[in-house]
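Dear colleague,

Please read them with the coordinates open beside you.

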Amino acid sequence: MRIYLIKIFFLIFFFSILARLFYWQVVKADFLQAKGENQHFKDTAVEAERGKIFFSDKAILATSNPSFSLYGLPKVITQEEKLKMSYLLAKIFVDDSSQIDAEAKNILNSLQQDLYWVPIKKGLDQKTKKKIEDLNLIGIGFNTASGRFYPEGSSSAHLLGFVGSDAKGGQKGYFGLEGFYEGELKGMPGFLRHEKDALGLPILIGKFLTNKANNGKDLVLNIDRSIQFTVEEVLKQGLEKYGAKAVSAVVMDPKTGAILALASFPSYDPIKYFSFSSDYYKNPIVADTYEPGSTFKVLVMAAALNEELVEPDTTCDICNGPVQLGGFAIRTWNNKYYPDTTMKDVIIHSDNTGMVFTGMKLGLDKFHEYLENYGFGEPSDIDLQDESSPDLRPKDEWREIDLATASFGQGIAITPIQMVRAVASIANGGYLMEPHVVREIKDEKNTFEIKPKMIRQVIKENTAKIMTEMMVKAVDEGEAKWAKPKGFKIAGKTGTAQIPVAGHYDPNKTIASFVGFAPADDPKFVMLVLYNQPSSSIFGSETAAPTFFEIAKELFVYYKIAPTE
Amino acid sequence: MALLLCNCPKTSFMTIIKKFDPEEYSNKFPKKYVVFAVVGILVLSIAQIWVNNTAVSYGEKLESIAKLKSTLEMENTFLENEMASELSLTNIATKSSKLGFSKIESIQYIR
């Protein structure tokens, strides 16, 4: 009987072991294997470096920069040390001696928490890290992170956008180039898995598994840093001089659509983007809409010339006084009228009644067709995030008065980039080009070149020549002639558009602008300057035009263009 | 009978029987190979122990080299960025104005 019981006991014991082994080997196999591997292997994430952004001369505009986060271990530091450490660190973090106490208090509050690990300061540079390390403090350490670095400071903020965080805490580009080319710039992170010993050190003859990180692609821009710098400097001065709410300018190569400079003020610092209102983030050149005012006249006149409905010497038979239309009286900007004025003079004097005459000659069908051909109502497809494109009103919703006012640039909304692109088509012989900020996208092996893209021919080459001459006359004999650099042939047009406020136009709030290109016979650049609500003068001829000419003067020197007249 | 009268040397009729030593034949080759095998195994074992020990200590070296590489790359990035800052137009404009350079106000063109 005893033998029998012992046999049963051993049998149960044997099956228990078998069951346990089955549990470990089959049921929990994956879990235990993973646990074993975790003890035996070390996984390291290899971050992909975000792509760099270069100016056209390969100078760095944006790159990655390692930064450091300081953390503290409150349980390791004594109370006395915490107090001493707070003041020592505060002296390093703050330049203003009056703020040291407040900063030290903040640090001390962090270190007083009943935690094992507390963050103290983020975004420290190498020099600050070295200063802290030299203090030989116990209970603090550094984590390395990667941030964005802009050698030119806050220059080109609207163009660049900024790099913030995504939902998982990783880097993500927003607005401008950082937003538009996020896919190219961010790269693909990799990882490294290797066997480790008891000390956590890699075993040389152990197993290695690597998945190489693919760094982000670099962008080489069409932006010329000298032109960008000049434009920014002149705009900053202009904003102050003319007391405007905002100023923007864009410079484009009319032959290729390459954007040479693009700037707007007020701006923000892309490193400290979080300190600025989000209203500053959008690029006014591509995201803001405005009524172009008289600068639009050159496009309408070019359309009428192209259709051979008018010629430069065609006389206006309705220009002897205000034009009455649909219960409205359309006047000239200065209430001066020129009976039998020619189309050439209509542009020189920026005559609204003359443009009503031209618009009527063109008719709604052709007018609408040309608006579409110039690219209004559709995005310009510039490679910047957040481009807006105000819709063109459907043709059947246009009244006679709408056609009349639109012919001198009121009652129609466009973006600055659409305007400069349309005027570029006059400068380059009639071709609508796609504007581009980026010239090349490069990775470690390949370079992808973005070639100029012609959308369509809008006007004939001869029409473009005639219109260019009319614009040259407008500069030489128009309201802004006093500011023009002597000897240079510049084609351009001023614009002063009242801003619609609560259903009517406010006569004291204007968008003052100037659009033009130079040298008129072989343009190197087309440029648009826009002031939003200038206070020293509401007119484009007294604000935007002098700014345009000041930038143009610098560009003539830069391009080594000598005066011809 | 003539055969019996032949004056032949006695030895020509002797049968030479070669003596074989079976023990000597079986022991000669295995002994040599066994010695070689034992020595080989010993050498390989010692080599394996040496390689393992060396490789383990190289892990530490590998780690320190990886850290050094990362530090040098970081320093290189810092230097590149510092160079970019020094070469930035903003910096050049500030320095040039401190040195007394100013914008050209009047340009004479020679034809």
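How many of the 13 residues of strand S3 (residues 60-72) of chain A are buried? Ten are, and the strand is mostly covered, where a residue is called buried if 20 or more other C-beta atoms, placed from the backbone, lie within 10 Å of its own, exposed if 12 or fewer do, and partly exposed in between. Before going further, please note that this is a predicted model, in which local features need pLDDT of at least 70 and side-chain atom pairs count only at pLDDT 80 or more, while totals for chains, interfaces and linings use all residues. Residues are numbered from 1 along each chain as its sequence is written, and chains are lettered from A and ligands numbered from 1 in the order in which they are written.

**The surroundings of S3(A)**

Helices (H or I, at least four residues) and strands (E, at least two) are DSSP runs numbered from the N terminus, and two strands pair if DSSP finds at least two bridges between them. On that basis S3(A) is joined by ten bridges to strand S5 (residues 140-149) of chain A, the two running antiparallel, and in S5(A) the bridge partner of Tyr71(A) is Gly141(A). Strand S4 (residues 118-124) of chain A also pairs with S3(A) in the antiparallel sense, over four bridges, with Val118(A) as the partner of Gly72(A). Strand S2 (residues 53-54) of chain A is antiparallel to S3(A) as well and is joined to it by two bridges, Phe54(A) standing opposite Ile60(A). In the hairpin of S2(A) and S3(A) there are five residues between the strands, and Lys58(A) takes a positive phi near 70°.

**Two open sheets**

Five strands of chain A form an open, antiparallel sheet in the order S12-S11-S21-S20-S19. Its edge strands, S12 (259-265) and S19 (491-501) of chain A, each pair on one side only, and the twist averages 10° from one strand to the next, with axes taken as lines fitted to C-alpha atoms (for helices, over the stretch in contact) and angles running from 0 to 180 degrees between N-to-C directions. Strand S11 (residues 246-252) of chain A is joined to S12(A) by six bridges, and Ala249(A) has Ala263(A) as its bridge partner there.

Another open sheet, of three strands in chain A, has the order S1-S8-S9 and antiparallel pairing. Because S1 (41-46) and S9 (208-211) of chain A each have a single partner strand, one side of each is left without a neighbour in the sheet. Strand S8 (residues 190-195) of chain A is joined to S9(A) by four bridges, and Leu192(A) stands opposite Thr210(A).

**Helices of chain A**

Helix H15 (residues 416-427) of chain A lies across S11, S20 (504-518) and S21 (525-532) of chain A, at about 145° to S21(A). H15(A) reaches 16 Å from its first C-alpha to its last, close to the 16 Å expected at 1.5 Å a residue, the expected span being 1.5 Å times one less than the number of residues. Twelve of its twelve residues are buried, among them Arg421(A) and Gln418(A), and H15(A) is followed by Gly429(A), whose phi is positive, near 100°.

Helix H1 (residues 2-27) of chain A has 26 residues, of which the number buried is zero, so H1(A) lies largely in the open. The end C-alpha atoms of H1(A) are 36 Å apart, which agrees with the 38 Å that its 26 residues should span.

The axes of helix H11 (residues 297-306) and helix H13 (residues 352-373) of chain A come within 9 Å and cross at roughly 80°. That makes H11(A) roughly perpendicular to H13(A), on a scale where angles under 35 degrees count as roughly parallel, over 145 as roughly antiparallel, 65 to 115 as roughly perpendicular and the rest as oblique.

**Chain B against chain A**

Two residues are in contact if their C-beta atoms, placed from the backbone, lie within 7 Å. The contact between the chains takes 20 residues from chain B and 22 residues from chain A. Helix H2 (22-86) of chain B gives the most to the side of chain B that touches chain A, with 13 residues.

With regards
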